[in-house]
Amino acid sequence: MLLLFSSAITYSQETKGEKEETNQESEKFKRHSIGFFLSHSHINQSRIDGEKSWVSAPSLALNYNYLFNEKWGLGWHNDLIIEKFIVEDTRENKTELERSYPFSTMLVGFYKPSESWSLALGGGAEYEENETFGLIRIGTEYGIPIPDLELEVLFSFNYDILIDAYDSINFGIGIAKSF
């Protein structure tokens with residue numbers, strides 16, 4: 001009887017310790033994050049003095065991400081290009097499009113092959129006073145954590161395909177807060 005009772009106490013202590021360990025791990029896992037980015041959008045198919053060239057325009061981004069688990073998540077990403085520019089219209093009429101401070105918003109699914117690196121794919125729209133275009137984004141981010149502040153410095157690279165319009169490449173640096 002004494003042997004049975006002592007083994008039950010030992011088992012309950014191990015279970016209690018395992019529960020505390022599991023609770024600590026779940027407290028460390030943050031499902032939500034908000035990030036702010038400063039970036040440059042490199043836009044092809046643009047025109048400067050009638051010549052086709054690339055334009056580099058400053059942009060800002062505000063991203064919200066939700067992690068389903070440690071590998072998969074969904075984000076709402078919003079970008080604002082802070083410049084006016086002219087691009088070639090790739091549709092049948094072959095005219096030029098003037099873009100004035102275009103704002104894009106999209107839903108992006110992402111996969112994290114490692115704790116610091118993520119791959120993203122999503123879609124949405126780019127809004128501007130003259131015309132709105134559908135948008136497909138392919139991207140990646142690399143993060144360097146600042147554990148004491150629960151922040152992360154992020155480096156991003158995105159390729160945006162605007163349907164029936166132009167493409168752009170975005171390089172950015174940002175900071176994200178997890179909660």
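User: Buried means under 20% relative accessible area. What makes aspartate 79 buried in this predicted model?

Analyst: The model is predicted, and its relative accessible areas are computed. Aspartate 79 has a relative accessible area of 11%. The cut-off is under 20%, so aspartate 79 is buried.

User: What makes arginine 137 count as buried?

Analyst: The value for arginine 137 is 2% relative accessibility. Buried requires under 20%, so arginine 137 counts as buried.

User: Why is the contact between arginine 137 and aspartate 79 called a salt bridge?

Analyst: The rule asks for a side-chain nitrogen of Lys or Arg within 4 Å of a carboxyl oxygen of Asp or Glu. In this pair the closest N and O atoms are 2.4 Å apart. That distance is within 4 Å, so the pair passes.

User: Where do the two partners, arginine 137 and aspartate 79, sit?

Analyst: Arginine 137 is in strand E8 and aspartate 79 in strand E3. The pair links distant parts of the chain, 58 residues apart.

User: How many salt bridges does the rule give?

Analyst: The count is 6. Among them is the pair of glutamate 150 and lysine 30.

User: How do you know that glutamate 150 and lysine 30 form a salt bridge?

Analyst: Their closest N and O atoms are 3.9 Å apart. The limit is within 4 Å, so the pair qualifies. Glutamate 150 lies in the loop between E8 and strand E9 (151-162). Lysine 30 lies in the loop between helix H1 (2-28) and strand E1 (32-48). The partners are 120 residues apart.

User: What other salt bridge does glutamate 150 make, and what does it tie together?

Analyst: Glutamate 150 also meets lysine 177, at 3.7 Å from N to O. Lysine 177 belongs to strand E10 (residues 167-178), so this bridge ties the E8-E9 loop to that strand across 27 residues of sequence.

User: What makes a set of residues a nonpolar core, and which residues have the most contacts inside the largest one?

Analyst: A core needs buried residues of the listed nonpolar types, joined through side-chain atoms within 4.5 Å. The largest has 16 residues, and Ile43, Phe85, Val87, Leu162 and Tyr166 have the most contacts inside it. Elements giving two or more residues are strands E2 (51-67), E4 (84-88), E6 (103-111) and E8 (133-146). E6 gives the most, with 3 residues.

User: Which residues does tyrosine 166 touch?

Analyst: Its contacts include Ile43, Phe85 and Val87, and also Arg99, Glu126 and Asp160.

Notes: Residues numbered from 1 in each chain as written. Predicted model: local features only at pLDDT ≥ 70, side-chain atom pairs only at ≥ 80, totals over all residues. Heavy atoms only, no water. Buried < 20%, exposed > 50% of the residue type's maximum accessible area, 1.4 Å probe, protein only. Helix = DSSP H or I, 4+ residues; strand = E, 2+ residues; numbered from the N terminus. Contact = heavy atoms within 4.5 Å. Lists of a residue's contacts leave out its neighbours within four places in sequence.
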